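Colleague: I'd like to learn how to read the place where two chains meet. Can you walk me through it?

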Number of protein chains: 2
Amino acid sequence: MEIESLGIEYSKEERQDFSGFKVNPSFIFYPKNEHDVAKIVKFANNHKIPIVVWGAGTSLTGAVSCNGCILIDMKYMNNIIEINDVDWYVRVQPGINLEFLNKKLMEKGFFLPPDPASFFLCTVGGATSNSSGGMRGVKYGTFRDWVLALKVVLPDGNIVKLGEPLRKNRAGYDLVNLFVGSEGTLGVITEIWFRITPLPREKILTVLAYMKDLESAANVIIGLRKGKIIPEISEYMDNNVIKALNKNLNAGLEESEGGLMLISIEEKYLEDLKAILRDNSTKIIIAEGEEAERLYSIRAQSAIALRAEAKNMFVEDIVVPVSKLPEAILRLREIESKYKIKLPIVSHIGDGNLHPNILFDEMSNAQEVFEEIARIAIELGGSVSGEHGIGEQKAKVMAEQIKSHNGEEVLEIMYKIKGLIDPNNIMNPGKYVELAYKLR
Amino acid sequence: MEIESLGIEYSKEERQDFSGFKVNPSFIFYPKNEHDVAKIVKFANNHKIPIVVWGAGTSLTGAVSCNGCILIDMKYMNNIIEINDVDWYVRVQPGINLEFLNKKLMEKGFFLPPDPASFFLCTVGGATSNSSGGMRGVKYGTFRDWVLALKVVLPDGNIVKLGEPLRKNRAGYDLVNLFVGSEGTLGVITEIWFRITPLPREKILTVLAYMKDLESAANVIIGLRKGKIIPEISEYMDNNVIKALNKNLNAGLEESEGGLMLISIEEKYLEDLKAILRDNSTKIIIAEGEEAERLYSIRAQSAIALRAEAKNMFVEDIVVPVSKLPEAILRLREIESKYKIKLPIVSHIGDGNLHPNILFDEMSNAQEVFEEIARIAIELGGSVSGEHGIGEQKAKVMAEQIKSHNGEEVLEIMYKIKGLIDPNNIMNPGKYVELAYKLR
């Protein structure tokens, strides 16, 4: 049988991603190197079989769903190839776990800053394909800001390198950023050079502030912006999230109507921050070291705690300009009233990135609510996705955003680029740009 | 006559860019807004006339050369549309001068960090089209790192927006970075949203260090990297550059065989830096305030001082990995010996970006030497251009770099993207990706 003649380990099984999207591949391949990947891609391209790449299945938008695809599981391609402490990059295979990689980097005094909440589960290949963000995004941006170069297997099975492991390189159009965040629709990433940076030398303090309300949290962020203070981290969780964390993960957090903020800053900004917090919070606690780490670990698990509260959860990922946070919050309250639901909110509030969550057992209009929330972002000049990506789930609202903000021709150019690089449409078809174009 | 029916101010004249490339347009248009630009582009597209956009003509690679083109001069499109001190962006038209913009931003406590040596002449549109760098690149990257969103007139004359004025946005493939650094080959930029950041609060010191030699300067940079110190600025000028500055601009610098480094760092790193400098320099002077500014202004004018030394100058712009700086320097010395020439070197040495300059009155093999230098970068895993771009001058070596490092298919994809967006090939034709593809 032809599959076996490839000489690459494979299996057949159903999977489910972190958000419950079904993954029903015809075969799952476990390549050991880029040449294995190239063989698989050539095979799939010849037979016009869709390819989906699996890192850890932590997509929240159905980006790895499939039915009848070839799934490429990167579990064996998880090596650190080189940590370069002069050129300040790390060269890795895509299947390596992000937390593990950062432990290795920290041993040498460096780190790769973006820290999606799934950092302890996700692979760097997935995070790159998704341009994932996280809590440190407010200071350090998303994965896009840290990818120097890629090796990819193109849909025709050829292995190429995109970009250079250099901070400065003007040789041709930027294809690296085209592939970062392309959700597996343009090729298979087989190696990544990430820029790395030294661990901060400054003393960082974490402030746990119980807020009067979510509006107060928005005011704190606007206060930081006007005060020209860049926090390391600035997170918000509302009281429904805190309750879920206490109930399901024994977080031991104080429950309070206004929810809480976690803000990490350099010590020199502490007095400025306290002044900003004074009118907006009911209580502040300063944490350091292990206690600060524990708080962030709890924050990272908030999606897990919330998922335990209902059979289904839709995780929103809207971004609004920071100046529009107060208005966005009002609009979310209106949706809660209109549909008589609660939308527990977790937020990287410092960069205007809100995750209102829709929890439901049965709810015929969940997708409708989901899209209505996304439209708040569009109307306020924001984005339907800051860091979770588009996948299947957000293609329709992505099309709306682009038509409204950018112009339909922009979506057409994106769609044509997909067709140019993947003419047989084998790379993660039926999602993201292709689906948005069809739903436009 | 049809040109006049467009109702847009125009003229006819020859120009010459900063490096002496000829600009012989059929007409020069002076649009006042994006609608004027759209009219011009539609006209050009209908008649298949090449379009070149002129900011300040400071290209060093022939990126604005033309013969018979329509030149679009952006001198009237030079407004600041909005400075947003909460969302931390500035929205501008492309024709605004970079230094002027930064003065306005600094009045509000912000800045746009990239500072090409032409900052006092160049427009932000040119710097974006070129993804220009500068002295602050070692800490803050190049223009690419600061562009959030663009408005562009596409080659079909349609006005679209690319991206969002947000730090996080996952709606579709990244077309912003495709256009940044595309050297006017994909469309005409009519508005730019730049990310801005607060001026540093920390006290910054500038150290003027006379070096034992260029090799010592490389050792200092490697020392900084191993010490995990990110300088604000780290520049090198060799003694030939210093002589030219003294002679042509009365710089009043001490001449010394080993040349000098200008390093700016936060005060807290001063002792570390001194320790690194100890074995590599003959003398160090600490400068602050106006004296530091004067030194950087002198540094920024080094190309002007060198140009006065000969009828012609080719400015190299190679990048090598920092770890390969010592080897790159050896190879440059070999070229000097082989061709019996001097290559005065100015360098953003902190990011491995070297500008060896070829000065000549008559020199039949100048282009040969130029390309031989570029090949050093290719062989050492670097790039033929860090910040000046490709234009006409570097298309051949860019093709060599991509074939050698990335794979010929990468160049083919770039070429096809150009054809996809600009099917009539009216946008700055015959240069950059298109020319590299033809010379491959």
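**Where the chains meet**

Modeller: Here, chain B and chain A bury about 7,200 Å² between them, 56% of it on carbon and sulfur atoms. Buried area is the accessible area (1.4 Å probe) that two parts lose on being put together, summed over both. The size of an interface is often given this way, as accessible area lost when the parts come together. B:Lys168, B:Arg170 and B:Tyr173 supply 16% of the area that chain B buries against chain A, more than any other three residues. Mind that this is a predicted model: local features need pLDDT of at least 70, side-chain atom pairs count only at pLDDT 80 or more, and totals for chains, interfaces and linings use all residues. Residues are numbered from 1 along each chain as its sequence is written, chains are lettered from A and ligands numbered from 1 in the order written, and side-chain values use heavy atoms, leaving out hydrogens and water.

Colleague: How many residues does each chain bring to the contact?

Modeller: Contact means heavy atoms within 4.5 Å. Chain B brings 91 residues and chain A brings 91 residues.

Colleague: And how many salt bridges are there between chain B and chain A?

Modeller: Look for a side-chain nitrogen of Lys or Arg within 4 Å of a carboxyl oxygen of Asp or Glu; that's a salt bridge. The count between chain B and chain A is 12. One of them joins B:Lys168 to A:Asp351, with the closest N and O atoms 3.4 Å apart.
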